[in-house]
Amino acid sequence: MSKNFLRLSLALLFLLPTMGTVPDALLAQNDPVVERIIELGLTDNQVMTWADYATNRFGGRLTGSDAYENAANWAVWQFRQWGIEAELDEVGEIPVGFNRGPWFGKMVAPREEALYFGTPSFTAGTKGVQRGPVVILHADPFSVPSRNPSPDDVALKKERVAEAIAEVEANTAAFDGAWVLIAGENSGFARDGRRSTPEYSDSRLMPPLTQALINAGALGTVQRAGLPMRILDGHVDRWEDLPELPDIKLLDEQYDEIRTMAEAGEEVELEFQIRNWFKMGPVKYHNVVAMIPGSVYPDEYVVLGGHFDSFDGGTGGVDDGSGFSPGMEALRLIAEAVGAPKRSVVMILFAAEENGLVGSQAWLAKNPDLHDKIVTMINRDGSPSTITGAVV
């Protein structure tokens, strides 16, 4: 990015006295504050520092987790260290929180091999180290579409769930103390559904099968997962209904190998230790809102946005570390350059974007008087793919 482009961008965002006065913007290219911001941005850029803190010091910032709460408190503290006004802005609460600990797994027979796997958040961990044989559940309700299913899909899934329950109850001894290979391909979401809403039929249809497996004494289910492995989330409505049956998503190559051996009659034994922990709710969660007041038009706003939450199968470095960390750095550079933007500049680290744009919509709902005063809003929400441009 050229210095001239940076100058023009900064002028348009922070220095225009009125919208549409391009000559003023061009004049502002030589503004000493703009020059200082560009110099600092090119010689002392700290974007990766803030990304490092959030992703590597706190980790995956799942809504309702200690990692999210700790990271949000840090972000407020960091803005204030730069002399910028910042606060936690309450968005909502969830009934049960979730924290993820370490997870380990291996095949122990017929040979020892480390396993590459994950579990969706808000799903059960193991009871310490648990070892058992592999058994295959042949009935397949798992390949029927679950999200926004048609009436035919729902009917078919009900039929196949009933078949699977009958298969388990006909031979409970085979499932007792065993890891159960189930069909279907991992979508990232939990076996028993993501949320208790109509578009996620699994949250209504799968629990009876899960309960049948629990009653039979199964250790957990193992499902095929391709790369990149999607490790997203489930949902818990009440502390009284915590999940009990681990939901393991195993690398496709290893899953296929294990299933082939089991189908050939070979005895396969797996061992897992998964530390998924729950937190009694309600658990409140917050946006982080930081602002540099405008010097001439304090009631007009330039809003920078990037969501702060992430799924916790990873650390949220791209989605959305690529969005919130440049925004944090933009405010730091303005403060460090002793900038006094004509309009107020607001940076919002949004909560619960992965739950459905919850944090951003909550901020809009709480600030209806500001809607007509927002001059520009810039938001980046990344994905692990090539950056090909910008969309307006």
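Helices (H or I, at least four residues) are DSSP runs, numbered from the N terminus, and their axes are lines fitted to C-alpha atoms over the stretch in contact, with angles running from 0 to 180 degrees between N-to-C directions. The model examined here is predicted: local features need pLDDT of at least 70, side-chain atom pairs count only at pLDDT 80 or more, and totals for chains, interfaces and linings use all residues. Residues are numbered from 1 along each chain as its sequence is written, and side-chain values use heavy atoms, with hydrogens and water left out.

Helix α11 (residues 321–336) packs with helix α4 (residues 47–58) at an angle of about 130°, the two axes lying 8 Å apart. The crossing of α4 and α11 is right-handed, that is, the near helix is turned clockwise from the far one by less than a right angle. Contact (heavy atoms within 4.5 Å) joins Val47, Trp50, Ala51 and Ala54 of α4 to Phe324, Ser325, Pro326, Met328, Glu329 and Arg332 of α11. Of these residues, seven are nonpolar, one is polar and two are charged; Ala, Val, Leu, Ile, Met, Phe, Trp, Tyr, Cys and Pro count as nonpolar, Asp, Glu, Lys and Arg as charged, and the others, Gly among them, as polar.

Now for helix α3 (residues 32–43), whose axis comes within 9 Å of that of α11 and crosses it at roughly 125°. These two helices are therefore oblique to each other, and their crossing is right-handed. Here Ile37, Leu40 and Gly41 of α3 meet Leu333, Ile334 and Glu336 of α11. The residues of this contact divide into four nonpolar, one polar and one charged.

Key. Angles under 35 degrees count as roughly parallel, over 145 as roughly antiparallel, 65 to 115 as roughly perpendicular and the rest as oblique.
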